[in-house]
Amino acid sequence: MTADPAPGGTRLAHFVSDAPFNPYSVEAMSPEQERYYLASQWRMMWWKLRKHRLAVISGVVLLLMYDTILMSEFLAPYDLQTRHTSFIFAPPQAVHLFHDGRLVGPFVYGFDYHLNMENLRREYLPNHGQVQPLRFFCAGDTYSYLGLFEARFHLMCPAAGGTLFLLGTDRLGRDVLSRLIYGTRISLTVGLFGITISFLLGIVFGGISGYYGGWLDNLIQRFIEIIRSFPELPLWMALSAALPINWNPIMIYFGITIILGLLDWTGLARAVRSKLLALREEDFATAALLMGASPSRIIGRHLLPSFMSHLIASATLSVPSMILGETALSFLGLGLRPPITSWGVLLNEAQNINVVALYPWLMFPVVPVIVVVLAFNFLGDGLRDAADPYKN
Amino acid sequence: MLAYTVNRMLIMIPTLLAISVITFIIIQLPPGDYLSTYVAELQSQGEKVSAERIEFLREQYGFDRPLYEQYFVWLFGMLQGDFGYSFEYNLPVSAVVGDRLWLTVIVSFATVIFTWVVSFPIGVYSATHQYSAADYTLTLIGFLGLATPNFLLALVLLYFANVTFGTSIGGLMDPQFIDQPWTWGKLGSVLEHLWVPVIVIGTSGTAGMIRRLRANLLDELQKQYVTTGRAKGLPPFRLLVKYPLRMSLNPFIADIGNLLPQIVSGAAIVSVVLSLPTTGPMLLSALRSQDMYLAGSFLMFLALLTVIGVFFSDLLLAALDPRIRLQGGATR
């Protein structure tokens, strides 16, 4: 280093920038980065989930199906119990647009019915003379919307004096499509109620087990192992056979959801426990403890939120097993009972091989079952990946 | 290993006791008992049932004793091979059950094997060809198997076998072997009929197995020793089989604990549809008619089947994986 210029000597000319200097400029972030770093955990999870295209599509499908629950009465062309005694086991009617090369708009052909005297089969043939145009936003069967008010307004109705069985009719001449739409309400909510119960049980038992540890933990873990070693379906069967026969269908419905939830919580409880075991050693948990927070507050306020996302993901993955469980129970006749109609109750009609051979449309309710189970699985997978937004 | 085995067996005893308590509670849950149903039925048919006879029956079946005593009678009876009395058939439970237990074991075991045999190559292929078209297709098929209620699959298969082969594939053996003692011919007939239920029940478990094997193998394939091996010039196939595949095989064994209850569940409903002479249909009818000892023995047996299956899977796992043997605990 050379010594400073002698006092009184001339200063060497050099450039000095007048611009204000920000010592943190190196650390400053571009707006994009800032958005990323300041984003909340949930926001980041949403960004990650958005990239999982299949999960998003599944989510939309599920959302739409759950929306139909709110307006089953409006969407269904007929009422749940409307019988068409002259159209028993009628096959699905196809929707056409053109009649004799001329655009009519959506319409169906009427049926010609005759009984085959040789094998006593009911035979329905489309009658090309009868053109029955569909009506939209029209007045049809009277229904009571959720028991609140009466209305006759439907999305679709058959032509006056005509029929509209897009998925055929069952052994009492009831429209399968309408029953399917009503069944969605029950089948989808069974899973939701069931998972709520299992979620609560899982958090409580897993929380106790993971937070306190010791003999309590041991006891709960042994108990979980025992429950898990029971095969689910036979146990479900036994429990639902134990529901009193004189209960009304609504109580049976809640009974079944409780039974479904009672056996399912073990997986969630284990997830809660293992997460808690890891998290309770963290500094923030100790800090909360030192400040005098009660255990329930530490678990509920500090520990649970940090792995809630994982819990939601695994809960999503166990909804389908409940829906399938309800379907199986109702199929066996041990689950929901008419007049409550779920997809399983509808499939109960498709119990023997004759149905497959003669009335295959009665098996259609299996399609929404498959769609919903797949959608829940894909959505759950996506959520599970998104639950840890800091990975990668 | 011996210490581990003994330890593991000792754990099974309290587990089974707890299971027996739960089973007993469940079969006691329905209001009333078989006797009151039976008496009501007789009365509705116009038969007179004297109070003495009711009392006699009640005493004979032990319904007059307190619940815990009934439980101990049931439990000690089971330990001596006496499973109680089936009210509906008027026979001891062991006579009613007959071959059903063994056939259930056979079906479950065959399904486990089927699940392994199918998911192993598919899982390996999916992992080594990640994100290929075949990977996606196979995964989708697996998911479809998971999502389809297998009772319906059974029904459809039943129909198509009838149409294409002209044979009935319901049941587990040709009619002439039913209720006959076991011979080679009967065993052969059972094996011939076995494939339909096995495929139908296996579909639901296979998807999960494929996904787990694929995920495990993918994890292993990214580890450094694989890179080292490749850098040193190991041929790809040898590289795959030598280490990563072995490492990712653990879930095959360890997962029996999850797979077996699932298979037993699936078998229960599929056997109702296919009218297999296994435990499923009889359990259903026993539950419906409140034939409590019969239902109880079936529940107990199904739970026992999974407990023993898990026991063997833990032993196998300990034999395969020294880490588990040394820690003295199974990981699931």
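**Close-ups of a two-chain predicted model**

**View 1. The two domains of chain A.** The centres of domain 1 and domain 2 of chain A, taken over C-alpha atoms, are 39 Å apart. Domain 1 covers 82–169 and domain 2 covers 178–387 of chain A, with bounds from an automatic or database domain assignment. Where they touch, domain 1 of chain A gives five residues and domain 2 of chain A gives four; a contact here is C-beta atoms, placed from the backbone, within 7 Å. The domain 1 side has four nonpolar residues, one polar and no charged (nonpolar: Ala, Val, Leu, Ile, Met, Phe, Trp, Tyr, Cys and Pro; charged: Asp, Glu, Lys and Arg; polar: the others, Gly among them).

This is a predicted model: local features need pLDDT of at least 70, side-chain atom pairs count only at pLDDT 80 or more, and totals for chains, interfaces and linings use all residues. Residues are numbered from 1 along each chain as its sequence is written, while chains are lettered from A and ligands numbered from 1 in the order in which they are written.

**View 2. The open sheet of chain A.** Three strands line up as β1-β2-β3, with antiparallel pairing (strands are DSSP E runs of at least two residues, helices H or I runs of at least four, numbered from the N terminus; pairing takes at least two DSSP bridges). On average, neighbouring strands are turned by 55° against each other, direction ignored, using axes fitted to C-alpha atoms.

**View 3. Where β1 meets β2 in chain A.** Three bridges link β1(A) to β2 (residues 102–116). In one of the pairs, A:His96 has A:Phe107 of β2(A) as its bridge partner.

**View 4. Chain B against chain A.** Here 36 residues of chain B meet 31 residues of chain A. Among the chain B elements giving two or more residues are α1 (2–28) and α16 (292–320). By class, this side of chain B has 30 nonpolar, five polar and one charged residues.

Methods: Contact = placed C-beta atoms within 7 Å. Axes fitted to C-alpha atoms, helices over the stretch in contact; angles between N-to-C directions.
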